[in-house]
Amino acid sequence: MHFIGELVSLLLNFLWVGLLGFGGGFGMIPLMKSVVLSHHWLSLGTFDQAIAMGQITPGPVAISATFIGERVAGPIGALVATVAVFAPSLLLIVVLNHWFARLKTIPGAQNVLFATLAAVVGLIAGVAVTLGVSLIHAWPGVVLAVIVAAVALGWKVPYWAIILAAGTVGAIWFRP
Amino acid sequence: MPGVSTPSPSLMALMGVYTKIGILGFGGGYAVLAFIRSEVVDKHGWQTAEQFDHVVEMTAFAPGPTTSNVLAAIAFRLHGWKGLVFGSIAALWPSFVLIMILAAVTQVLHNPWLSGALHGIEVAVVGLLVDVVWTLWKDVPKAVITAALAVLAMGLTLLGISPVITIVVAAALGLADFLVRRRPLQHEPAGNPEPPSAPTGKQ
């Protein structure tokens, strides 16, 4: 019974994440964080790892939902979370496919879209600060985070390569 | 042949190409969009370049990852609902399987090297999000209201307000902005800091 309850909770919460995650896959991160922490599904550190796992695998960021679902309710949880996170955008794509030409002519649609995107940028910045404050406790961590940001901003190195490199550095540098 | 749309592929052919994209589509965002374009437009001609650009433009108005949305929209155009469902499954199963393996391995294995590596990865995500913020901000038209909304959203996050509330409020303020200014929020043409088509008025 508890298991069924967790599955229903995963389903409903990830449908919300999928419905409101504007701004591409990364727009889902603030919503996922809020859902995961409010239900005490994962620690902040494990949530952060889920995001990283979504980056080192091919495919979109939203696949982090699979990792979260697996931790909450095993393989079935993974399946439920994955279907729930993708279902709303796939349904909306079909709606847009029929109505996009008309939507573009609605005055104000651009304003709503760009205002939402601007807020999503701020939300992700807030998540970055929260994760940084909670997970980085010492100078080596600060140095690594700054180097990662600089490499990503300056040289456009793919994220998966950066994460694998940071994992290697961590295995040597952060080994307890 | 680029630019010429050839007859629809079979569902199996579509799923084959989507699985290939699902396995090799590392990097997300623009990198994968370029890969999808090379397969769907240049190599197989299932969509013309114009149709593909139209699909990408359309997905900006949908939530969810751009890449899976673009793949889903093209599959829907070629094979309807069946294409949408099976195309998405074909594109997503490789990452799904890989994530399950990673989740199992990181759960079971407990050794200092792995803990160190996971901490390194956690720290890296913080740095990468800085890049995400900067990259997304470049796509937002620069205006007082967008800057104010970004700062407000960040502040509300730090106060622990649910992002759902923030997103709904931002959308409402975007609508209010249009009702007050009666002008679309849009990117200004390069090299012209003046608002486009602003009336010059009396000198």
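Modeller: A quick definition before we start: helices (H or I, at least four residues) and strands (E, at least two) are DSSP runs, numbered from the N terminus. The expected span of a helix is 1.5 Å times one less than its number of residues. Keep in mind that this is a predicted model, where local features need pLDDT of at least 70 and side-chain atom pairs count only at pLDDT 80 or more, while totals for chains, interfaces and linings use all residues. Residues are numbered from 1 along each chain as its sequence is written, and chains are lettered from A and ligands numbered from 1 in the order in which they are written.

Biologist: Good. How many helices and strands does chain B have?

Modeller: Running from the N terminus, the elements of chain B go α-α-α-α-α-α-α. The count is 7 helices and 0 strands.

Biologist: What span does α7(B) reach from its first C-alpha to its last?

Modeller: α7(B) has 19 residues, and at 1.5 Å a residue 27 Å is expected. The model comes close to that, with 26 Å.

Biologist: Which residues of α7(B) are buried, and what arc do they cover around the axis?

Modeller: A residue is buried if 20 or more other C-beta atoms lie within 10 Å of its own, exposed if 12 or fewer, and partly exposed in between, with C-beta atoms placed from the backbone. By that rule B:P163, B:T166, B:I167, B:A170, B:L173, B:G174 and B:D177 are buried. Taking the directions from the helix axis to the C-beta atoms, they sit on the same side of α7(B), because they cover an arc of only 125°.

Biologist: Which element gives the most to the side of chain B that touches chain A?

Modeller: Call two residues in contact if their C-beta atoms, placed from the backbone, lie within 7 Å. Then 89 residues of chain B are in contact with 95 residues of chain A. The elements giving two or more residues to that side of chain B include α1 (11-24), α4 (66-108) and α7 (163-181). The top contributor, with 24 residues, is α5(B).

Biologist: How many of the residues on that side of chain B are nonpolar?

Modeller: Ala, Val, Leu, Ile, Met, Phe, Trp, Tyr, Cys and Pro count as nonpolar, Asp, Glu, Lys and Arg as charged, and the others, Gly among them, as polar. The side of chain B that touches chain A has 5 charged and 25 polar residues, and the nonpolar ones come to 59.

Biologist: Over in chain A, how many residues of α2(A) are buried?

Modeller: Among the buried ones are A:M28, A:I29, A:P30 and A:K33. They pack against elements of both chains, including α1 and α5 of chain A and α6 and α7 of chain B. α2(A) is mostly covered, and of its 11 residues the buried ones number 9.

Biologist: Is A:H40 buried or exposed?

Modeller: A:H40 lies in the loop between α2 and α3 of chain A. Its phi is near 55°, a positive value in a residue other than glycine. With 7 C-beta neighbours inside 10 Å, A:H40 counts as exposed.
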